[in-house]
Amino acid sequence: MSDAPPQPPAGGWEPRDPTVQEPGGADAAPAPAEGRTPGRPDRPGTPPGREARSGRRAPRSGTGPEPGHGTPPGEGPAPGRAPDPAPDTGQAPGPGPAGHPTGRRAPGTGPTGPDRPREPKGRKRRRRTGWRRALPTWRMLLGGLLLLVLLLGGGFLAGYHLIEIPPPNAAATAQANVYLYADGSPLAQGGQVNRESVPLERVPRPFRQAVLAAEDRDFHTEPGVDPGALLRASWNTLTGKGTQGGSTITQQYVKNYYLGQERTVTRKVKEFFIAIKLDRATSKDEILEGYLNTSYYGRNAYGAQAAAQAYFGKDVQDLDTAEGAYLASLLNAPSAYDVGARPANRPRAAARWNYVLDAMVQEGWLSRPDRDALEFPAVLPSHPTAGLAGQRGYAVQAVNTFLARHGVLTEKALAAGGYRITTTLRKDRVDAFAEAVKAQVLDRLDPQNNPTDQYVRVGGASIEPSTGKVVALYGGVDYTRQYVNNATRRDYQVGSTFKPFVLAAAVAQGAATQRGERITPNTVYDGTNKRPVQGWTGAAYAPANEDDASYGGIPLHTATDRSVNAVYAQLAVDVGPEKVRRTAIALGLPADTPDLTASPSIALGPATASVLDMAEAYATLANHGKRGLYSLVEKVERIDPAGDRELPLPAAGSGARQAVSRAAADTTTAVLRGVVEGGTGTAARAVGRPAAGKTGTAEDDKAAWFAGYTPDLATVVALMGQDPKTGAQKPLYGAMGLARVNGGGAPAEVWAHYTGTALDGTPARDFDLELPKGSEIKKKDERETEEGTEEETGERTEEAGAEDATGATAGDRPHPAEGPQAPQGPQAPPGTPAPARPATDTLVIE
C-alpha cells in the first residue's frame with residue numbers, strides 16, 4: 001500500500017449532487033458509497049451520502065475499487081477500520097473543481113483528510129430544530145419592542161396634533177327654561193333637558209369635596225388622564241372582571257361635554273387626547289364646574305342644581321354635607337342608590353354614602369367627630385316629572401307667547417333653553433282660581449250621565465289694574481289632558497261683554513243720537529225686538545233680543561243691565577262702528593282680533609278675543625282709562641356659569657297712556673256697577689265688595705262669559721263648549737244640569753269665588769269715579785219726576801227710541817247732518833209710560 005497522498009484525477013475533482021438518482025433506479029443493488037476508498041467498508045451507522053454532506057472527497061471519475069480490496073454489494077467494512085489512501089497514479093495535480101487553482105474544493109466541500117481546508121475560528125452556530133423554531137429570538141424581541149415604541153410614539157404625536165378640542169355637543173349645553181312665580185318659587189321647567197348650570201361658587205365646598213372623594217381624589221394634583229388606571233381598567237375588562245371606569249374627572253367631563261356616551265374605541269381615543277389638551281388649557285376649577293353641571297344624577301336631573309331640586313327640593317347652595325355626599329354617591333349609579341324611587345336601595349345607598357364620607361375623612365376634608373355626627377339625609381320620594389302638568393303648561397305657553405310677541409326672545413331661543421324667567425303670576429292667586437273653578441264648575445259636572453258635561457271648558461285671567469301685571473291664569477283642567485290654553489285661545493265669541501266698549505266709545509267721542517242729542521247713560525233708546533238700525537248705509541240689520549223680548553223706550557244704562565241687543569246695535573251706529581273698533585283696540589284688544597269688523601253687529605260681540613285680551617281691556621276701564629303694558633314677565637335672565645345675564649324687558653305698566661278719557665272709563669264703570677247690583681250679573685255680588693261687570697253669551701250658547709273688576713283686580717271668566725274628540729264648538733245647553741248656561745250663572749259665580757279669595761284680607765275699596773255732568777245715573781223716580789216736568793211744560797226731549805203718533809221712533813228720523821227734517825205727525829201724549837220691566841233681574845238679554 002502506497003503512502004503517497006492521493007492525487008486528483010486528470011479532469012479534477014467533480015462534486016456529486018446527492019439528489020441525482022444513480023443508474024439502475026431505486027431497485028438496483030446499492031453501490032459502494034461515494035467518498036470512501038474502494039474496498040473499505042463504511043463506518044458503522046454512517047448513513048449513505050453523509051460524506052458528501054459533510055464535505056468528504058468524492059471518488060475519482062471512471063475508477064472502481066482496487067483489485068483485492070472490493071467489498072461485495074450490501075456488506076460494510078470492518079468496524080473501526082479506516083479507508084485506505086488511493087494509489088499514486090504518477091500524475092501531477094491538475095486544476096481543482098470549479099476552477100480552483102490548487103485543485104482543492106472550496107471550504108466545506110473539500111475532501112476529508114490532512115489537506116482539507118480549515119473552518120473559520122469560533123464555535124459553529126447550531127441550527128434551531130423542532131418546537132424551538134416557533135419561538136422568537138432575542139433579536140426579534142428587541143426589534144419588535146423598538147418597533148412598538150416607535151409606533152406608539154408616532155401615534156401619540158399624530159393623535160395629539162390631529163385631534164383638536166371640539167365645540168361642546170348640543171346635549172351638553174342644552175338647559176331647561178326655569179319659570180318662577182313672582183315670589184321666586186318654582187313654577188315650571190320647560191325644555192327637553194332638566195339642567196340649570198350654576199357657577200362653582202354656588203356649589204358648597206363640602207359637596208365639591210364629596211364628589212372628589214367619590215370620583216377622583218387626586219383631581220387637583222394628577223394630569224388629565226391616568227394611564228395606570230386606564231391599563232388596569234382595560235385589563236379588568238379583558239379578564240372578565242366587569243367593565244371598569246378608569247377615567248378621571250377630566251375625562252368624564254370631556255365625555256359629557258364634548259363627545260357622547262357611546263362605548264367605542266374611537267371615542268375613547270378622542271377622550272384621551274382631548275383630556276390631555278384640556279388639562280393643559282383649562283384650570284381645574286373650570287373643569288370641575290363643567291363636570292358638576294353636566295353629570296347625570298338620575299330622575300332626569302342633569303347638573304348639581306337640578307339634582308338638588310329633584311332629591312331635596314332646594315337650591316344647590318343650600319345643601320348640607322350629608323345631602324352633598326348623597327348626591328355625590330349617585331354619580332356612580334343613580335338608579336342603584338335612589339332611595340326615594342326604591343326604598344330597597346337604602347342599604348346599598350347607605351354603604352356608598354358612608355364610603356364617600358370616610359374618604360373625605362381620609363383626605364382631611366372632614367373631621368372624624370363631624371363625620372360621626374352626620375345622619376343619612378331624608379330624600380324626597382320620586383314622582384313622575386311634574387313638568388307642565390296642571391296649570392303649569394298653560395302658564396309657560398302664555399309666557400313664551402308674550403316673550404316672542406314683544407321681541408324679547410325668539411321661539412328658537414326659547415326652545416334651546418337656558419333662561420330663568422320670573423313671571424308676574426302669584427301662586428296663591430293661581431291656586432285660588434283653580435279652586436274656584438273646581439268648586440263652581442268641575443264638581444258639578446257628571447260626564448258619565450250627562451253627555452253635555454264633557455264639552456265644558458273653562459278659561460280665566462286676572463290682572464292688577466294699577467300695575468298691569470297678570471297675576472293669575474286658568475287655562476284648563478290640566479295641560480297634559482287639554483292642550484289648548486283656554487285663557488289665550490281666540491276662537492270663541494265674546495258676546496255682550498263687548499258692549500261696554502261701545503258705551504265707552506260713545507262717551508269718549510261725545511257721540512250723539514240720530515236726533516243730535518248727546519249720549520249719556522240716561523239716554524232713552526228703542527228696545528223693540530228686531531228693530532232695524534237707523535242711519536246705517538250698509539245692509540239692513542235688525543238684531544233680535546234675548547228670548548225675543550221687546551222693551552220699547554229704555555234708558556241706556558238699563559239696556560246695559562239687561563243687555564238689550566237692539567239698543568246697542570243702534571248705539572254702535574250712532575257712535576260709528578269704526579270708532580267703536582278703534583276704542584276696543586285702544587282699551588286692549590289686539591288689532592288682529594278675528595271678526596272685529598266695523599259694522600253694527602260689532603256691538604253684540606262676534607269678535608273672538610281671548611279671555612286674557614278681555615281682561616286687559618277691562619283692566620283699562622278699572623284704571624280710569626289709562627293703559628300701560630300688561631305683562632306676564634317680571635324678569636328674564638340668561639343662565640350662565642360665568643354669571644347670569646339679565647335681558648332687557650319692557651316693564652309692566654310702561655308706556656302708560658290714556659286709552660280713553662277718564663270720563664268715558666268712569667261713566668262705563670258706573671253703568672257696569674248696575675249690572676252687578678241689579679242686572680244680569682247679580683251673582684257677582686257674592687264677592688262682598690264694590691264691583692262692576694258685564695255678562696255675555698256667544699251665539700247658540702257655545703260660550704258664556706263674565707268680565708268684571710273691583711278697584712284692585714280685573715278678572716274675566718269664560719265657559720266654552722268643545723267636543724273633546726273633534727275639537728268642534730258645541731252648545732252648552734243642559735250642561736251642569738241647567739237648561740241654559742249664561743254669563744250670569746257659573747262664570748259670575750267663579751268670578752265672585754276667585755275674587756273674594758284673592759282679595760281676602762285686603763280692605764274693600766269703592767270706585768273713585770269722576771263723572772261728567774249729566775252722566776249720573778238717574779233712578780226710576782228721578783226719571784218719572786223729569787217726565788212730569790216735561791208734561792207740564794208740554795215739552796219732551798226727542799231721544800232715540802221715543803215713538804211719535806205715527807208709531808215711528810226718533811231713530812227713524814234723519815240725523816241733523818242729513819238735512820232738514822220731514823214734517824212730523826202729532827206727538828204722543830206727554831208722560832207716556834215705558835213698557836213694564838220684566839219681573840226677573842237676572843234675565844240675560846244678549
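Predicted model: local features only at pLDDT ≥ 70, side-chain atom pairs only at ≥ 80, totals over all residues.
Residues are numbered from 1 along each chain as its sequence is written, and side-chain values use heavy atoms, with hydrogens and water left out.

**Strand pairing**

- Strand 3 (residues 419–423) and strand 9 (residues 633–638) pair in the antiparallel sense over five bridges, and Arg420 stands opposite Glu637 in strand 9.

**Aromatic pairs**

- A search of the whole structure finds 14 aromatic pairs, a pair being rings of Phe, Tyr or Trp (its six-membered ring) with centres within 6.5 Å, counted as stacked with planes under 30 degrees apart, as edge-to-face over 60 and as tilted for the rest.
- Phe433 and Tyr474 form a stacked pair, at 6.2 Å centre to centre and 25° between the planes; this pair links distant parts of the chain, with Phe433 in helix 16 (residues 427–440) and Tyr474 in strand 5 (residues 470–474), 41 residues apart.
- Both Phe433 and Tyr474 are buried, where buried means under 20% relative accessible area, exposed over 50% and partly exposed in between (1.4 Å probe, protein chains only).
- The ring centres of Tyr479 and Tyr483 are 5.1 Å apart and their planes stand at 45°, so this pair is tilted; Tyr479 counts as buried at 13% relative accessibility, whereas Tyr483 counts as exposed at 54%.

**Aromatic cluster and charges over rings**

- Tyr311, Phe312, Tyr326, Trp353 and Phe376 form one aromatic cluster, and Arg371 lies over the face of Trp353, at 5.9 Å from the ring centre.
- The charged end of Arg638 sits over the ring of Tyr419, 4.8 Å from its centre; the criterion is NZ of Lys or CZ of Arg within 6 Å of the ring centre and within 35 degrees of the ring normal.

**Helix packing**

- Helix 10 (residues 321–330) and helix 12 (residues 346–362), both DSSP runs of H or I with at least four residues, pack at an angle of about 115° with their axes 9 Å apart, the axes being lines fitted to C-alpha atoms over the stretch in contact and the angles running from 0 to 180 degrees between N-to-C directions.

Definitions and conventions. Helix = DSSP H or I, 4+ residues; strand = E, 2+ residues; numbered from the N terminus. Pairing = 2+ DSSP bridges.
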